[in-house]
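Notebook, open on this model. I want to go through helix packing, sheets, ligand shells and record annotations in turn.

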Amino acid sequence: MTKEQIVVTSAQMCDIEGRIFAAGMPVAALMEKVAGLISDRLQVIIPKGRCVGILVGPGHNGGDALVVARELHFRGYQVWIYQPFSKLKELTNQHFQYAQSLGIPCFQETDKLPSCDFLVDGLFGLGLEREITDSIAYAINYFNESNKQVFSIDLPSGLHTDTGAVLGTAIRATQTFCLGLWKQGLLQEQALEYIGKPELIDFDIPLADIHTVLGEVPKIKRITQTTVIASLPLPRSPITHKYKSGHLLLICGSRRYAGSAILSGLGARASGVGMLSIAVPESVKTLLVSHLPEALIIGCPETETGAISHLQLPGKTHLSSFSVIACGPGLTQDSTPIVQQVIESQVPLILDADALNILAQIGTISTLQKRQTTTVLSPHTGEFHRLFPDISYTDRVKAVQTAAAQTGAVVLLKGARTAISNPQGVVWINSESTPALARGGSGDVLTGLMGGLLAQTANKQTPIEDVVATATWWHSQAGILAAEERTELGVDAFSLTQYLMKVLQAFT
Ligand SMILES: NC(=O)C1=CN([C@@H]2O[C@H](COP(=O)(O)OP(=O)(O)OC[C@H]3O[C@@H](n4cnc5c(N)ncnc54)[C@H](O)[C@@H]3O)[C@@H](O)[C@H]2O)[C@@H](O)CC1
Ligand SMILES: Nc1ncnc2c1ncn2[C@@H]1O[C@H](COP(=O)(O)OP(=O)(O)O)[C@@H](O)[C@H]1O
Ligand SMILES: [K+]
């Protein structure tokens, strides 16, 4: 477990810091250390001699900012301080007095502020406890409108540490220096427009204190390359054969959405799965064969509307012949009986897209509670709301935990910061992605990729949620790589499938 993987709430961070202080580390010494590290980073980013405005709050976030002000002053920058509060915490007040004694200009009102090139935001950190209003809200909006590069200490002032929600108003940072451990709020979708580029400042929190507060295996973790590589089906056994490397059945597509089946198939192809079968309506079988010549394409009887009406598996094949079934992309809502049939099977199952809409109609919780085997649900926010109308998704981490607990499924809530939970509340958050993926069809690719990976690891000890996290990470990294080469507008779902292999080449 590395510090990069660990995610904490405000309460947990306070407990961890409390242990460090109780063990004898002076609060002032830690502030000096933290702010020294931030100053070092700023010195690399901001050219010498430039003017930096430092925004100072009443607590220790403000204290950190004042130490940064002092350091930058001595390191040859022009510095001024904006500090509008009448009452400061004691340590913060001491640093404020000292900064004033050094002749650093201090201001209480925004209309008196000189111009500057950069801003450092130390108004509020972990301790923000209520909505920001009145003159402070006005000041934050004023700084946002100044269009300066802003470096936030710990988190942009105004964001809730756990949910990332904006409490009234919030600083829009260019870069956020998150102190010690990743705060959960920085990994929540609603914070993304505020945090800019996030960076962890490691100030040497002892691992023993982290484990005492979070347990040996923390419940909420960031997906990192290290975790991913551990759950990839690599290296392949030298004596494996195609049926030992997983057999995935994709059930997808319709006359109307034939492309979904192709995209899911190409996602599955990239996973390296040993055998791939794809059930589609008979009328699109030839099309699928031309795109995926290695796959076994199962043409099924179809409804008048061109949806699969029922599964017609070849010869002696039963659903139980497959290691995993992934069902849903492009099915339309006319395939209800098929979704019911796969849910009743004993085969590990991924439900996505239309299969989720059908599940919502037949009753999410009551239907899934009867299932004995692994189920993965991969909704985007709209599908999540249809499946779980009673669960609020403002806090997406809590939302997936609740949904997984209620259904016994692994739930993957797609979006800019995809969150995955198992029924016991173990959560993975995908903290690197690209808005280039916000295009029709990219989810279909993920379903195929995830199905192929799960099929290959079906008989292994790897927890399901780890494999789901690996698929999510791989998919996002392919998007990032594709966007680098083709621009953010160049990542159509088909192109995305072509970058999946390149990710592995780069990382393994
Ligand atoms: N002890 C240290 O030196 C360390 C300090 N750190 C820094 O300390 C911060 C936490 O410090 P604090 O606990 O003092 O908290 P903050 O500095 O985040 O702010 C708390 C203060 O703001 C006031 N406040 C809260 N909400 C307000 C609102 N809406 N309007 C006006 N006032 C409001 C509170 O009454 C309190 O005085 C961290 O975010 C980090 O920057 C740690 O990260 C590292 C160790
Ligand atoms: N703003 C964004 N940033 C990063 N990833 C995103 C963003 N928007 C969507 N995605 C990702 O793109 C994929 C979209 O999937 P989905 O909504 O199911 O689309 P479709 O059904 O059209 O394939 C998901 O993996 C999601 O996490
Ligand atoms: K801050």
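I looked up the packing of helix α17 (residues 464-486) on helix α18 (residues 493-507) and found an angle of about 105°, with the axes 8 Å apart. I class α17 as roughly perpendicular to α18 because of that angle; angles of 65 to 115 degrees count as roughly perpendicular, under 35 as roughly parallel, over 145 as roughly antiparallel and the rest as oblique. Axes here are lines fitted to C-alpha atoms, for helices over the stretch in contact, and angles run from 0 to 180 degrees between N-to-C directions. Helices (H or I, at least four residues) and strands (E, at least two) are DSSP runs, numbered from the N terminus.

I listed the contact residues next (C-beta atoms, placed from the backbone, within 7 Å). From α17 come Trp 474, Gln 477, Ala 478, Gly 479, Leu 481, Ala 482 and Arg 486. From α18 come Ser 495, Leu 496, Tyr 499, Leu 500, Lys 502 and Val 503. By class, this contact of α17 with α18 has eight nonpolar, three polar and two charged residues. My classes: Ala, Val, Leu, Ile, Met, Phe, Trp, Tyr, Cys and Pro are nonpolar, Asp, Glu, Lys and Arg are charged, and the others, Gly among them, are polar.

A note on the source: this is a predicted model, where local features need pLDDT of at least 70 and side-chain atom pairs count only at pLDDT 80 or more, while totals for chains, interfaces and linings use all residues. Residues are numbered from 1 along each chain as its sequence is written, and chains are lettered from A and ligands numbered from 1 in the order in which they are written.

Sheets next. I traced an open sheet of seven strands in the order β4-β3-β2-β5-β6-β7-β9, with parallel pairing. Two strands pair if DSSP finds at least two bridges between them. β4 (106-107) and β9 (197-201) are at the edges with a single partner strand each, so one side of each has no neighbour in the sheet. Strand β3 (residues 78-82) is joined to β4 by two bridges, and the two run parallel. Tyr 82 stands opposite Phe 107 in β4.

I then followed an open sheet of 10 strands, ordered β10-β19-β18-β17-β16-β15-β14-β11-β12-β13, with mixed pairing. Its edge strands, β10 (220-222) and β13 (296-300), each pair on one side only. Direction ignored, neighbouring strands of this sheet are turned by 15° against each other on average. Inside it, β11 (residues 247-251) and β12 (residues 275-281) pair in the parallel sense over five bridges. Leu 250 faces Ile 278 of β12, standing opposite it.

Which residues come nearest to ligand 1? Of the 27 around it, these are Met 31, Gly 59, His 60, Gly 125 and Gly 127. A residue is near a molecule if its C-beta atom, placed from the backbone, lies within 6 Å of it. α2 (27-45) and α3 (60-74) are the elements that give two or more residues to this shell. I sorted the shell of ligand 1 into 12 nonpolar, eight polar and seven charged residues.

Ligand 2 has 18 residues around it, and Ala 416, Ser 433, Leu 437, Ala 438 and Gly 443 come nearest. Helix α16 (residues 442-457) gives the largest share of that shell, four residues. The shell of ligand 2 divides into six nonpolar, 10 polar and two charged residues.

An unreviewed entry lists a "binding site" at Lys 414, Gly 415, Ala 416, Arg 417, Thr 418 and Gly 443. These are spread over 30 residues of sequence but cluster in space, with a largest C-alpha distance of 13.8 Å. Arg 417 is in the loop between β17 (410-413) and β18 (419-421). The "binding site" feature (unreviewed entry) is also placed by UniProt at Asn 61, Asp 121 and Ser 157. Those span 97 residues of sequence, yet cluster with a largest C-alpha distance of 9.4 Å. I located Asp 121 in strand β5 (residues 118-122).

Last, two backbone details. The peptide bond from Leu 234 to Pro 235 is cis, with omega near -5°. Asp 134 has phi near 50°, a positive value in a residue other than glycine, and lies in helix α5 (residues 134-145).

Conventions: Contact = placed C-beta atoms within 7 Å. UniProt positions renumbered as here; feature names shortened; annotations may be inferred.
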